[in-house]
Amino acid sequence: MTERRFADGALVRVRDLPVKGHMRTPSYVRGRQGRIEGCQGSFPNPEERAYGSDGLPARSLYHVRFRQRDLWPAYAGLAADSLSLDLFEHWLEPAHGT
Amino acid sequence: MAHDHDHPHPTRADHRSHAWERREAAIRSLLIEKGLLTADAIRAKIEEWEQKTPALGARIVARAWSDPAFEARLLADANAAAAELGIEARGVKIVALKNTPRLHHLVVCTLCSCYPRALLGLPPAWYKAPAYRSRAVSEPRAVLAEFGTRLPPETEVKVVDSTADCRYLVLPLRPAGTEGWSEDRLAAIVGRDAMIGVALAQATRA
């Protein structure tokens, strides 16, 4: 198991990396701030694995939760509504805020 | 015979294969030609996947409703819990999401069509459609309403986008009025859509 950089509960921002091709970070979370809910383990990097490499070393894959209102300014729903998804560690950077 | 009648014919686009279809056919024939795969192996794999149905997931849900210790194991490790019931779910990590009266989960894959196929079979066409994939994340409550799903106003909605190496199975809320039901009877009211999160399990189904 690869060593984790982010602990559960940590506030993170999704980086907007110039990765082309097969990557698993949807555009709607880039630049957005969320909180680490857990770590799913470590997995080969799909951005490399899709093109013939083994994708190793494996990267930590985090389950990150966002407030819907932080993703969609016009979100119609409860303030508590949220969205979560799995993001690889190299797409995350520490964030500070509420 | 003159072709001057006015009944509709399919347009050329209906017949033309897409570039990706031609590419798939070319790769497939190369793999067979090189002896890496056989046509029968491809056929058998398609048959295997098409035989998996949401009944597998429903058995898991029914057991979880009936046995709190199993539910705890399911939430901790869904692949191992499926294996306890003889359901093979190897290869990809599956995570069960427990619905409660206060929290409802809705699963989507915005990037493609990731789906817990080992437990639910192949995804429905709408799950792969751009409309569901884009709207489920940004207006989940409107999507739920269009599926006829009404949640109590205070229930929080959590959308889970299966973006990477995990697949998600919703553990629906057990409906009232099902106390004392057998696991088989419970499994019969657990529909595919309730395990995706676009519907609720209802005691009146089936």
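Which residue of S3(B) is the bridge partner of Ser82(A)? In this predicted model, Ser82(A) has Lys158(B) as its bridge partner in S3(B). The two strands concerned, S4(A) and S3(B), run parallel and are joined by four bridges.

Within chain A, strand S1 (residues 11-14) is paired on both sides. Three bridges connect S1(A) in the antiparallel sense to strand S5 (residues 92-94), with Arg13(A) opposite Glu93(A). Three bridges, again antiparallel, connect S1(A) to strand S2 (residues 33-43), and here Leu11(A) has Arg35(A) as its bridge partner. Both of these S1(A) residues, Leu11(A) and Arg13(A), lie on the uncovered face of the strand, whereas Val12(A) and Val14(A) make up the covered face.

S2(A) pairs in turn with strand S3 (residues 59-67) of chain A, antiparallel and over seven bridges. Phe43(A) stands opposite Arg59(A), and Ser42(A) has Ser60(A) as its bridge partner. S3(A) is mostly covered, with seven of its nine residues buried. Seven bridges also join S3(A) to S4(A), and this pair runs antiparallel; Arg65(A) is placed opposite Ser84(A) in S4(A).

The contact between the chains takes 19 residues from chain A and 17 residues from chain B. On the side of chain B that touches chain A, H9 and S3 of chain B each supply at least two residues. S3(B) gives the largest share of that side, six residues. By class, the side of chain B that touches chain A consists of seven nonpolar, three polar and seven charged residues.

The largest nonpolar core has 65 residues, of which Val61(B), Leu119(B), Leu169(B) and Val190(B) touch the most other members. Helix H4 (residues 55-66) of chain B contributes the largest share of this core, seven residues. When residues up to four places away in sequence are not counted, Leu119(B) touches Leu56(B), Gly57(B), Ile60(B), Ala82(B), Ile87(B), Ala89(B), Ile94(B) and Leu169(B).

Helix H2 (residues 19-33) of chain B lies largely in the open, because the number of buried residues among its 15 is zero. At 1.5 Å a residue, the 15 residues of H2(B) should span 21 Å, and the end C-alpha atoms are 21 Å apart, in agreement with that expectation. Just after H2(B), Gly35(B) takes a positive phi of about 80 degrees.

Terms used. Residues numbered from 1 in each chain as written. Chains lettered and ligands numbered in written order. Predicted model: local features only at pLDDT ≥ 70, side-chain atom pairs only at ≥ 80, totals over all residues. Buried ≥ 20, exposed ≤ 12 C-beta atoms within 10 Å, placed from the backbone. Pairing = 2+ DSSP bridges. Contact = placed C-beta atoms within 7 Å. Nonpolar A, V, L, I, M, F, W, Y, C, P; charged D, E, K, R; others polar. Expected span 1.5 Å × (residues − 1). Core = buried A, V, L, I, M, F, W, Y, C linked by C-beta atoms within 7 Å.
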